[in-house]
Amino acid sequence: MDGILPIWKEKGMTSHDVVNKVRRIFSTKRVGHGGTLDPDVEGVLIVAIGSGTRVLEYLLEGDKTYAGEITLGYSTTTEDASGELVEKADVPEELSIQEIDEKMKEFVGLIEQTPPLYSAVRVQGHRLYEYARANIPVERPSRKVNIYSFKRTSYPQRNEEGTVSFCFNVQCGKGTYVRTLAVDLGKKL
């Protein structure tokens, strides 16, 4: 079989888990995906089979659009909701919608981004998450990523814990870590 499949990846699965399932279903080893989705993320994962894998390099170069939720006021080891709590602080009452929107606009364009420690980026032959799990310090390489739009899509909601949450959409280029974009926005705010 040759082709491209859009597959809904559920939370808890890795992109590699999806590829392995497709390999078993179609009894072939020639399967790849068009960009990693973190285990905490659910969404459409583009999977190519057989000669369909030849077009993956072109798909990887294209823009991607993500929708999610940002919660300001706490940070975790993995930069997502499933990580261990590192820091928690009340979000100031005076934080305005205008201030959030203005800071989000500052990320549009070509920006420098440092991948999270819990990521599959390779440094000296090992993945960053391997260093993190072994508690070995490592310098993470920064890289340039393109953000075409980054917009809030819901009103900020103040939570009982003193945090503030809102939904967003981001359109971005290859290599962008959306969870790091959220962390960097939180730092600016």
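Colleague: What does Arg 30 touch, not counting residues up to four places away in sequence?

Modeller: Arg 30 touches Ala 48, Ile 49, Gly 50, Ser 51, Thr 53 and Arg 54. Contact means heavy atoms within 4.5 Å. This is a predicted model, where local features need pLDDT of at least 70, side-chain atom pairs count only at pLDDT 80 or more, and totals for chains, interfaces and linings use all residues. Residues are numbered from 1 along each chain as its sequence is written, and side-chain values use heavy atoms, leaving out hydrogens and water.

Colleague: What makes the link between the side chains of Arg 30 and Thr 53 a polar contact?

Modeller: The distance is 3.4 Å. A polar contact is a pair of N or O atoms within 3.5 Å; within protein, one must be able to donate a hydrogen and the other to accept it, and residues adjacent in sequence count only if both atoms are side-chain atoms. So the 3.4 Å pair qualifies.

Colleague: Why is Arg 30 called partly exposed?

Modeller: Its relative accessible area is 39%. Buried means under 20%, exposed over 50%, partly exposed in between (1.4 Å probe, protein chains only). So 39% falls in between.

Colleague: Where is Arg 30 placed?

Modeller: Arg 30 lies in the loop between helix 1 (15-26) and strand 2. Helices (H or I, at least four residues) and strands (E, at least two) are DSSP runs, numbered from the N terminus.

Colleague: How do you know that strand 2 and strand 3 (residues 43-49) pair?

Modeller: Three bridges join them. Pairing takes at least two bridges found by DSSP, so they pair. The two run antiparallel. Val 31 has Ile 49 of strand 3 as its bridge partner.
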